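The sequence and structure come next.

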Amino acid sequence: MNTLERAGTSLSNYLLRLGDSALIISQQLCGWCGHAPTLEEDVALSNIALDLLGQSRLWLEYAGASMVPAQDEDDLAYRRDAHQFRNVLLVEQPNGNFADTQVRQFLFDSWHCLLLTELSSSTDTKIGAIATKARKEATYHLQHSSQWIVRLGDGSARSHRYAQRALELCADYVGELFEMDAIDLELANVGIGADMAALQPQWQAYVEQVLAAANLVYPANPIKRRGGKRGQHSELLVGVLMEMQHLARSYPGAQW
Amino acid sequence: MPNELSTWEVFVRSQNGIAHRHIGSVQASDSAMALQYARDVYTRRDNFVSLWVVASEHVISSAGQDLVAWFETAHDKDYRQATYYPVPQGVQHL
């Protein structure tokens, strides 16, 4: 049995969920570098990716420090396999076309902002401090993706079709964002974690408001796909990790 | 899509009380996106307190045809420069 699994406490698992979700969506956004529709959007997406990478480092550093034996952020990012990642399934969905990426980002950012706002008053002061810093960045990310949702949804017939289709694909992964399992409940009850289920109506209200401006319709009965927070991932994550971990695994200990 | 984009001039202010200065331009579909892109492209590495974007089409320019009549006439009038005048002996605090 792997040391990481033996060492997994509720707190370290919770921190891994936060860190892994930010890490994987950051890696995904990096895939747009050099490929975005305009130079400006290329820079914007790369900035957002870097913000999320920075946040992920803070979460993973804390997660690793809370493990026995302690792990560093690189151990966690580069030397774990897919089943040891605790990110939500939404972030491992493919970049697809530009609308797919922006819809995925919009659903993520709108959830992430609420999550970080809630965590900024965590009874764990370190979590509170990281969330307070990250929330400022996430607020901007949400403005950016919300603007795109309106422009894609209310743009051309083609952009509208792509955005609506993306929404239908991604909505199946929203349920997991607000799912409260035993670890979530345990940490929420002691004031360390966030009660996301309680925040879903607030999330829904914001999302509906943006979608209304975009002439998009939230799917009526999405499936609730889940499992990412417990390490049950699709093969999509394997592909993301192969690229992300390639250098670190091919040249162990490589430095520059 | 590219033909729906227009150019916006970007101005930044580094602290209150200082004038906004031109820093570059971005291409965007509308003012809201232009402002966001200006933030992403130009403000990432420095501390700024304010951003302006102005549609480039609204900037009135002294175009090339005015170059000689407007600006070259100053070249041979170096007496307009303070440095043209010798400092009289004995002048202090200059």
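Helix α2 of chain A covers residues 10-30, and its 21 residues reach 30 Å from the first C-alpha to the last, close to the 30 Å expected at 1.5 Å a residue. The expected span of a helix is taken as 1.5 Å times one less than its number of residues. Helices (H or I, at least four residues) and strands (E, at least two) are DSSP runs, numbered from the N terminus. Of the 21 residues of α2(A), 19 are buried, so the helix is mostly covered. Buried means that 20 or more other C-beta atoms lie within 10 Å of the residue's own, exposed means 12 or fewer, and partly exposed is in between; C-beta atoms are placed from the backbone.

The model is predicted; local features need pLDDT of at least 70, side-chain atom pairs count only at pLDDT 80 or more, and totals for chains, interfaces and linings use all residues. Residues are numbered from 1 along each chain as its sequence is written, while chains are lettered from A and ligands numbered from 1 in the order in which they are written. The pLDDT is the predictor's confidence in each residue, from 0 to 100.

| Chain | Average pLDDT | Residues scoring at least 70 |
|---|---|---|
| Chain A | pLDDT 95 | 97% |
| Chain B | pLDDT 88 | 97% |

Residues 1-7 of chain A have a pLDDT below 50, and this stretch has 9 contacts in the model beyond near neighbours in sequence. Two residues are in contact if their C-beta atoms, placed from the backbone, lie within 7 Å. For the complex, the predictor gives an ipTM of 0.79 and a pTM of 0.89.

Helix α6 of chain A (residues 125-153) has 29 residues, which should span 42 Å at 1.5 Å a residue; the end C-alpha atoms are 40 Å apart, which agrees. A kink of about 30° in α6(A) is centred on R135(A). The bend at a residue is the angle between axes fitted to the seven residues ending there and the seven starting there.

The largest nonpolar core has 78 residues, and W59(A), L90(A), V103(A) and A163(A) have the most contacts inside it. Such a core is a set of buried Ala, Val, Leu, Ile, Met, Phe, Trp, Tyr and Cys residues joined through C-beta atoms within 7 Å. Helix α5 of chain A (residues 98-119) supplies the largest share of this core, 12 residues. Leaving out residues up to four places away in sequence, W59(A) touches L15(A), L18(A), G19(A), A22(A) and I130(A).

F108(A) lies in helix α5 of chain A and counts as buried, with 27 C-beta neighbours inside 10 Å. With the same exclusion of residues up to four places away in sequence, F108(A) touches I25(A), L90(A) and V91(A). The C-alpha atoms of F108(A) and L177(A) are 8.6 Å apart, although 69 residues separate the two along the chain.

The contact between the chains takes 13 residues from chain B and 10 residues from chain A. On the side of chain B that touches chain A, β2 (21-28) and α1 (31-42) of chain B give two or more residues. The most, 6 residues, come from α1(B).

Most residues other than glycine have a negative phi, and most peptide bonds are trans. V68(A) and P69(A) are joined by a cis peptide bond, with omega about -5°. P69(A) sits in the loop between α3 (39-65) and α4 (73-78) of chain A. N215(A), a residue other than glycine, has a positive phi near 60°. N215(A) is in the loop between α10 (196-213) and α11 (235-250) of chain A, and is partly exposed, with 13 other C-beta atoms within 10 Å.
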